[in-house]
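The following briefing walks through the sequence and model shown here, from overall make-up to local detail. Please read it with the structure open alongside.

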Amino acid sequence: MLCVFLILLSTFSAATCVCQDDWLRYHESCYYFADLPHHRVSWNQAMQECTWKGSHLVTIETEEENNFLIRHLQQLHMDRGTQFWTNGNDLHYEGAWNWGLVRNPITRAFWHNGEPNSAGTGEDCLSLHLVDYYAWNDEGCHELVYFICETEDPANSGSIIG
Ligand SMILES: [Ca+2]
Ligand SMILES: [Ca+2]
């Protein structure tokens with residue numbers, strides 16, 4: 001097992017190798033891609049479902065993390081127009097984008113050209129949107145789309161204590 005091998009080599013906790021079944025590990029995080037057919041939800045509902053899984057909607061702190069997510073999303077071969085919720089929003093103040101509902105400003109952004117456009121009656125939640133490729137879009141929070149959960153602490157999701 002790769003994990004066992006890494007444990008032998010690593011001075012880090014063995015728990016850093018552990019993600020739950022169906023979760024993908026990248027660096028110190030585990031990710032769950034909620035792409036079940038017929039299960040698309042609002043941003044609030046997505047936030048709830050990640051909480052129930054002991055996680056939160058994905059926060060994208062670096063270009064590497066963004067690229068990792070996009071690489072995986074591309075492998076899902078979804079239809080053009082498909083969206084996945086992230087934790088980003090400007091619910092507190094229009095145009096001030098944060099991760100989650102605490103003031104955790106988004107410092108590095110990867111918007112589609114022309115986004116965020118706050119279309120229609122306003123769009124306050126951040127999705128990864130497949131047009132010709134995946135990039136960020138501001139979307140109406142009530143829209144029903146897929147979502148991605150993340151947890152930075154794999155130790156909480158595994159049974160191995162390092
Ligand atoms: Ca993250
Ligand atoms: Ca938009």
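Of the 162 residues in the chain, 33% are buried, where buried means 20 or more other C-beta atoms within 10 Å of a residue's own, exposed means 12 or fewer, and partly exposed lies in between, with C-beta atoms placed from the backbone. This is a predicted model, in which local features need pLDDT of at least 70 and side-chain atom pairs count only at pLDDT 80 or more, while totals for chains, interfaces and linings use all residues. Residues are numbered from 1 along each chain as its sequence is written, and chains are lettered from A and ligands numbered from 1 in the order in which they are written.

**Confidence**
- The mean pLDDT (the predictor's confidence in each residue, from 0 to 100) is 88 for the chain, with 83% of residues at 70 or more.
- Over residues 4-15 the pLDDT stays under 50, and the model has 13 contacts beyond four places in sequence for them, a contact being two residues whose C-beta atoms, placed from the backbone, lie within 7 Å.
- The pLDDT is also below 50 over residues 157-162, a stretch with 15 contacts in the model beyond near neighbours in sequence.

**Overall fold**
- The chain has 3 helices and 8 strands, taken as DSSP runs (H or I of at least four residues for helices, E of at least two for strands) and numbered from the N terminus.
- From the N terminus on, these elements follow the order α-β-β-α-β-α-β-β-β-β-β.
- Among contacts with a separation of 6 or more, 66% join residues 24 or more positions apart.

- F84, apart from its neighbours within four places in sequence, is in contact with L73, S127, L128, V145, Y146, F147 and I148.

**Helix 2**
- W43, A46, M47 and C50 are the buried residues of helix 2; seen down the helix axis, they fall within an arc of 100° (taken from the directions from the axis to the C-beta atoms), so they line one face of the helix.
- These buried residues of helix 2 pack against strand 3 (56-57), strand 4, strand 6 and strand 8, whereas the face turned away from the buried side carries the exposed residues N44, T51 and W52.
- Just after helix 2, G54 takes a positive phi of about 75°.

**Loops and backbone geometry**
- Most residues other than glycine have a negative phi, and most peptide bonds are trans.
- H27, in the loop between strand 1 (24-26) and strand 2, has a positive phi near 50° and is exposed, with 10 other C-beta atoms within 10 Å.
- H38, in the loop between strand 2 and helix 2, has a positive phi near 70° and is exposed, with 4 other C-beta atoms within 10 Å.
- The peptide bond from E115 to P116 is cis, with omega near -5°, and P116 lies in the loop between strand 5 (98-99) and strand 6.
- L144, in the loop between strand 7 and strand 8, counts as partly exposed with 13 C-beta neighbours inside 10 Å, and its contacts beyond four places in sequence are with R40, V41 and S42.
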